[in-house]
Amino acid sequence: MKYLIRQGRLVDPVSGIGGVMDILLEGDKVAVIGSDLSAPGAQVIDAAGLTVCAGLVDMHVHLREPGFEYKETISSGARAGAAGGFTSIACMPNTKPVIDSPGAVAFVKEKAALARREGGARVWPIAAVSRGQKGQEVNDYEGLKAAGAVALSDDGVPVQNANLLRDAMILAHRQGLTILSHCEDADLVQNFAVNEGRVSRQLRIPGRPAIAEELQVMRDAMLAEETGAAVHICHISTAKSVAIVRRYKKKGVQITCETCPQYFTFTEEEVLQQGSLARVNPPLRTSADVEAIIEGLKDGTIDAIATDHAPHSAEEKARSLTEAPSGMVGLETALAATLTALYHTGEMSLSDILRKMTLNPACILRLPGAGRLSVGGEADLVLFDPDEEWTVDPEQFRSQARNTPFGGRTLKGRVKYTIIGGEVIYRYGEEGTAL
Ligand SMILES: [Zn+2]
């Protein structure tokens, strides 16, 4: 199959190439990028008014399979990713059973292949740091890597044992695998629902203090410095976390980090309006934290924007704030939420934003062929209208879950086409029709 994408505004953070261009896709590769291309027999996609870039990469999602298929499956999550403009997503291992053996990684790979055939994004498995995510024993990283794991993480059940984490960093480093660290001190956060601060006091419930995150960001930065291993901090949410990462990056330590749209869009006050829909770990913080997160994105301290897509059932999220599970879905709103908060406000350029949603996460995970658009490279692309406004209706999601605090909000930026391996796998407005 050949596609000629005509007159799209190309944004390529790698080469700096920009401007209105045509792109010819042949088979699963990008064949030509240029002006006024003609290609007899090619199917033409009119991209006038649309931005064209490498397919988005989400380095942090929860797809819930195996074990929690009532929340999400690899197939439904991968299809949600495609609708959100993502061509590659990396899924966390906190499933049942935990993805901590080569066999379990192989299971995810098998389901991922099936999901691809059903029109989903590419799914890359992340394996657990510790056996059963219990924080006691390291796993067989060589075996996990050979089976296809792209990184290691105990996300969801943060590693509390510094001795284990130190060993894990050294062993992971030998395998060329990065540890993705969910930083929260378990004793300080327990199972509390919100940030410790104005809102927790108002609600008269205990909160998760900022320092619970910052202590572990500091610990992990120091361990990375000591071991020489790479560490990636997941979903940073506080001003001090940003400052710590900034300081250790300056020292030349191999530390990277991500944040998520919820941390630069909402403050803790959102919980008062939306209850459990705004419950997430780490929690939504203060407006000073939001400002620091945006500053960290702008100055390059924060490398990536991920979703931490965390599906739950309606029944689970209907429980009270203190009883409901934490997390929110994000695959189908991430691009629009990010453009709304960072691009349309004039904070960041499209190229800088897209670098954090394509190239940077692909590099941190060392995903082959992902995150860049180049002649001869993989034909994974997204086409979107950066200016189209729409109101989020969770009922329209391809995800099985509806738990988002963005429901009912008007966002600016609409994914129009998602192309993977040279095939149009998502086209806005043609849901359900053969493509
Ligand atoms: Zn996490």
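**Entry 1: the overall layout**

Domain bounds, as I use them here, come from an automatic or database domain assignment. I am working with a predicted model, and I began by asking how the protein is divided. I found domain 1 (2-51 + 379-427) and domain 2 (55-365). I then looked up the distance between their C-alpha centres, and it is 25 Å.

Next I checked how the two domains meet: 29 residues of domain 1 are in contact with 45 residues of domain 2. On the domain 1 side, I noted that β16 (381-391), β17 (410-420) and β18 (423-427) each supply at least two of the touching residues. The largest share, seven residues, comes from β17. I also sorted this side of domain 1 by residue type and got 17 nonpolar, seven polar and five charged.

**Entry 2: a hairpin**

I turned to strands β2 (residues 18-26) and β3 (residues 29-34), which run antiparallel and are joined by five bridges. I saw that L25 stands opposite V30 in β3. The two strands form a hairpin with two residues between them, and in the turn I found G27 with a positive phi of about 60°.

**Entry 3: the open sheet**

Here I followed an open sheet of eight strands with parallel pairing. I wrote down the order as β6-β7-β8-β9-β10-β13-β14-β15. Which strands stand at the edges? They are β6 (56-61) and β15 (304-305); each has a single partner strand, so one side of each is left without a neighbour in the sheet.

I picked one pair to look at further. Strand β13 (residues 231-233) runs parallel to β14 (residues 255-259), and three bridges join them. I traced V231 to its bridge partner in β14, which is I255. Helix α7 (residues 210-227) lies across β10 (179-181), β13 and β14, and I noted its direction at about 165° to β13.

**Entry 4: the nonpolar core**

I looked up the largest nonpolar core and found 139 residues in it. A90, I126, L152 and V245 have the most contacts inside this core. Helix α13 (residues 334-343) gives the most to the core, with eight residues. I checked the domains too: the core draws at least three residues from each of domain 1 and domain 2.

I stayed with L152 for a moment. Leaving out residues up to four places away in sequence, L152 touches I126, A127, A128, V129, Y141, A172, L177 and I179.

**Entry 5: E184, buried or exposed?**

I located E184 in the loop between β10 and α5 (186-189). I call E184 buried because 24 other C-beta atoms lie within 10 Å, and the cut-off for buried is 20 or more.

**Entry 6: H173, for contrast**

I found H173 in helix α4 (residues 162-174). Why does H173 count as partly exposed? I counted 19 C-beta neighbours inside 10 Å, and buried would need 20 or more. Not counting residues up to four places away in sequence, H173 touches T227, G228, A229 and A230. Lastly, I compared H173 with K145: they are 28 residues apart in sequence and 12 Å apart in space, C-alpha to C-alpha.

Definitions and conventions. Residues are numbered from 1 along each chain as its sequence is written. This is a predicted model: local features need pLDDT of at least 70, side-chain atom pairs count only at pLDDT 80 or more; totals for chains, interfaces and linings use all residues. Helices (H or I, at least four residues) and strands (E, at least two) are DSSP runs, numbered from the N terminus. A residue is buried if 20 or more other C-beta atoms lie within 10 Å of its own, exposed if 12 or fewer, and partly exposed in between; C-beta atoms are placed from the backbone. Two residues are in contact if their C-beta atoms, placed from the backbone, lie within 7 Å. Two strands pair if DSSP finds at least two bridges between them. Axes are lines fitted to C-alpha atoms, for helices over the stretch in contact, and angles run from 0 to 180 degrees between N-to-C directions. A nonpolar core is a set of buried Ala, Val, Leu, Ile, Met, Phe, Trp, Tyr and Cys residues joined through C-beta atoms within 7 Å. Ala, Val, Leu, Ile, Met, Phe, Trp, Tyr, Cys and Pro count as nonpolar, Asp, Glu, Lys and Arg as charged, and the others, Gly among them, as polar.
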